[in-house]
Amino acid sequence: MINRRDFMKLTAIGGGAVFISGLTSLSQAATGYGKGSAYDDFYFVQLSDTHWGYQGPANPEASSTLKKAVATVNGLESQPDFIVFTGDLTHTTDDPKERRKRMNEFRDIVSELKVKNVRFIPGEHDASLDNGAIYKEIFGNTYYSFDHKEVHFVMLDNVSDPGANIGEAQLAWLAADLRKQKKDAKIVVFTHRPLFDLAPKWDWATRDGAKAIDLLMPYTNVTVFYGHIHQENHHNTGHIAHHSAKSLIFPLPAPGSQEKRTPLPWDAAAPNKGLGFREVEAEIKTAEYKITEFPVSKG
Amino acid sequence: MNARHRKAWQISAMCLTVAAFITVNAAYGSGKNSNKERLIKIVAQRFSFTPNELKLQKGENVRLEFTSLDFVHGFNVPDMNLRADLPPGKITTLHLTPEKVGTFDFICDNFCGAGHEDMGGRIIVSN
């Protein structure tokens with residue numbers, strides 16, 4: 001369990017700017033510290049877009065970047081309650097045997113994490129060419145939910161369909177899952193692709209993402225964390241905040257900033273530039289999420 | 001050449017001219033605000049569209065005929081609100097009359113493999 005003092009220590013060992021997201025309900029603030037006291041606060045770590053198996057000029061050190069990140073997370077003074085990987089665990093391949101091999105290698109590397117509560121969702125590189133078949137063999141369901149302390153976490157799959165549809169079956173599941181929640185429940189959604197139209201001309205969207213947002217909209221405390229775009233981005237659809245994460249393979253240009261979404265050139269002098277992971281501290285009482293960005297390595 | 005032969009030659013030349021005009025219009029469209037469509041055939045194959053640059057005129061009626069060779073690619077022009085799935089083994093047709101001048105990017109929006117991110121092109125619309 002982490003408290004504010006521990007959080008400040010964590011930021012002191014190499015974190016970047018802190019981004020605060022979420023809503024403070026006046027009615028909640030008026031109740032003061034109750035069941036949802038500071039002692040229920042916790043934090044998790046989000047890693048994304050590790051692309052295990054990638055070989056190319058955008059990251060000549062691809063075979064070591066993920067391992068370094070695992071070591072950095074293990075070196076955190078206070079360990080998170082859980083760790084989440086938001087997709088593109090592996091780099092795509094047409095060969096199912098190679099896909100399975102990459103996923104097994106990825107699983108073996110992240111099994112070195114000290115924290116054993118590790119959650120996954122797929123990215124299109126993992127799941128789109130076989131509708132998630134091999135991913136499911138190794139990591140289980142592509143969408144699910146779980147509760148941690150007073151927060152309801154929803155893991156959405158917007159990649160097993162190569163057309164980036166969540167699909168009616170999953171949307172029906174989401175609707176049923178949300179119906180069990182109070183309208184002021186603290187809800188955090190993890191997805192790979194943005195649920196909103198961030199940059200459709202770069203395929204940075206979910207074709208039926210608006211339907212998921214419509215289902216989430218009646219809930220007053222919803223925050224979405226996603227990957228896919230290999231950089232930080234912060235956006236609101238109404239009161240719902242969406243935060244994308246950096247990748248652990250190569251950074252991509254700002255949405256729509258150039259003709260092609262080609263990776264930013266690798267910098268030999270700063271090989272981990274633009275890469276990293278984040279910690280998210282959940283403050284239960286105020287439904288705030290403090291995001292701190294970390295580099296791949298401390299050094 | 002006597003008068004009769006000269007008349008016949010003139011008629012033949014006129015017919016040829018009219019025939020050529022009709023052929024050109026069938027192949028390349030008939031310009032602005034015509035009901036006729038210019039046909040453009042596009043091949044989709046991992047990881048490219050051929051051609052990947054389409055030069056159109058504002059107001060021109062265009063029929064795009066897609067043939068996909070290897071995958072259910074997607075053709076999406078977000079800024080024109082125009083998209084279709086392109087299943088192999090059949091011709092997929094889209095009709096288009098650009099209303100704005102400019103350059104409009106298109107992409108494959110069905111993830112098709114390691115070069116998917118490079119599969120795209122642009123439509124250039126001029127006056």
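Two residues are in contact here if their C-beta atoms, placed from the backbone, lie within 7 Å. By that criterion, and leaving out residues up to four places away in sequence, A:Ala69 touches A:Leu47, A:Leu248, A:Phe277 and A:Val296. The model is predicted.

A:Ala69 belongs to the largest nonpolar core, which has 66 residues. Together with A:Leu156, A:Val189 and A:Leu248, A:Ala69 is among the members that touch the most others in this core. Another core lies apart from it and has 20 residues, including B:Phe71, B:Leu96, B:Phe111 and B:Ile123. In soluble globular proteins, nonpolar side chains tend to be buried together.

Helix H7 of chain A covers residues 168-179. Its twelve residues, at 1.5 Å a residue, should span 16 Å, and this agrees with the end C-alpha atoms, which are 16 Å apart. Three residues of H7(A) are buried: A:Gln170, A:Leu174 and A:Leu178. They lie on the same side of H7(A), because the arc they cover around the axis is only 75°. Strand S6 (151-155) and helix H8 (209-216) of chain A are included in what covers these buried residues. On the face of H7(A) turned away from the buried side are the exposed residues A:Glu168, A:Ala169, A:Ala172, A:Ala176 and A:Arg179.

There remains the contact between the chains. Chain A gives twelve residues to the contact and chain B gives eleven. On the side of chain B that touches chain A, four residues are nonpolar, three are polar and four are charged.

Notes. Residues numbered from 1 in each chain as written. Chains lettered and ligands numbered in written order. Predicted model: local features only at pLDDT ≥ 70, side-chain atom pairs only at ≥ 80, totals over all residues. Nonpolar A, V, L, I, M, F, W, Y, C, P; charged D, E, K, R; others polar. Helix = DSSP H or I, 4+ residues; strand = E, 2+ residues; numbered from the N terminus. Expected span 1.5 Å × (residues − 1). Buried ≥ 20, exposed ≤ 12 C-beta atoms within 10 Å, placed from the backbone. Arc of directions from axis to C-beta. Core = buried A, V, L, I, M, F, W, Y, C linked by C-beta atoms within 7 Å.
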